[in-house]
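Please open the structure in your viewer and keep the selection tool at hand.

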Amino acid sequence: MARIRPLREDEVSPEIAKVLSATADWLGEPSIGAGIQAHAPAVLEASRRLNAMPARSGLLDPQLRDLVCLRAAEMVGCPF
């Protein structure tokens with residue numbers, strides 16, 4: 001269980017609620033990490049940009065990038 005309670009969409013600004021909603025749509029359930037980061041919107045935005053960089057860099061073939069992301073998620077116990 002998280003020590004910091006994740007925020008829900010109804011507890012944040014409309015802009016952050018959109019991020020939380022998109023994350024939940026992508027994962028199929030609310031993201032605990034995004035909900036915790038919502039306490040500090042600048043951290044949430046920085047995290048989103050960092051997570052998007054493997055796709056934006058163009059350095060990896062898309063199939064290899066997907067495998068790398070899947071393996072990294074498995075290594076940290078994150079549902080992907």
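**The whole chain**

Of the 80 residues in the protein, 20% are buried (buried means under 20% relative accessible area, exposed over 50%, and partly exposed in between, with a 1.4 Å probe and protein chains only). The model is a predicted one, in which local features need pLDDT of at least 70 and side-chain atom pairs count only at pLDDT 80 or more, while totals for chains, interfaces and linings use all residues. Residues are numbered from 1 along each chain as its sequence is written, and side-chain values use heavy atoms, with hydrogens and water left out.

Display the chain as a cartoon. The protein shows four helices and zero strands, and from the N terminus the order of elements is α-α-α-α. Helices (H or I, at least four residues) and strands (E, at least two) are DSSP runs, numbered from the N terminus. Along the principal axes, the C-alpha atoms occupy a box of roughly 40 × 25 × 20 Å.

A contact here means heavy atoms within 4.5 Å. Among contacts between residues at least 6 apart in sequence, 43% join residues at least 24 apart.

Now switch to a surface view. The accessible surface of the protein is about 6,300 Å², and carbon and sulfur atoms account for 60% of that area. Such areas come from the Shrake-Rupley method with a 1.4 Å probe, and for residues only the protein chains shown count as cover.

**Stop 1**

Colour the charged residues. The 9 positive and 10 negative charges have mean positions 5 Å apart. Lys and Arg count as positive and Asp and Glu as negative, whereas His and the chain ends are not counted; each charge is placed at NZ of Lys, CZ of Arg, CG of Asp or CD of Glu.

How many salt bridges does the structure hold? There are seven salt bridges, a salt bridge being a side-chain nitrogen of Lys or Arg within 4 Å of a carboxyl oxygen of Asp or Glu.

Select Arg5, Arg8, Asp10 and Glu11, which a network of salt bridges links. Within this selection, the side chains of Arg8 and Asp10 form a salt bridge with an N to O distance of 3.3 Å. Arg8 is partly exposed at 47% relative accessibility, while Asp10 is exposed, its relative accessible area being 61%.

**Stop 1**

Glu45 is joined to Arg48 by a salt bridge of 3.3 Å, N to O.

As for accessibility, Glu45 is partly exposed at 32%, Arg48 is partly exposed at 41%, and Arg49 is exposed at 53%.

**Stop 3**

Next select Ala34, which lies in helix α2, residues 32-37. Is Ala34 buried or exposed? Ala34 is buried, with a relative accessible area of 7%. Leaving aside residues up to four places away in sequence, Ala34 touches Leu20, Thr23 and Leu44. Thr23 is 11 residues from Ala34 along the chain, and their C-alpha atoms are separated by 7.7 Å.

Ile36 also belongs to helix α2 and is partly exposed at 25% relative accessibility. Draw a distance from Ile36 to Ala46: these residues are 10 apart along the chain, with 14 Å between their C-alpha atoms.

**Stop 4**

Leu64 is located in helix α4, residues 62-75, and is partly exposed at 41%.

Finish at Gly77, in the segment after α4. Gly77 is exposed, its relative accessible area being 62%. Between Gly77 and Leu50 there are 19 Å, C-alpha to C-alpha, at a sequence separation of 27 residues.
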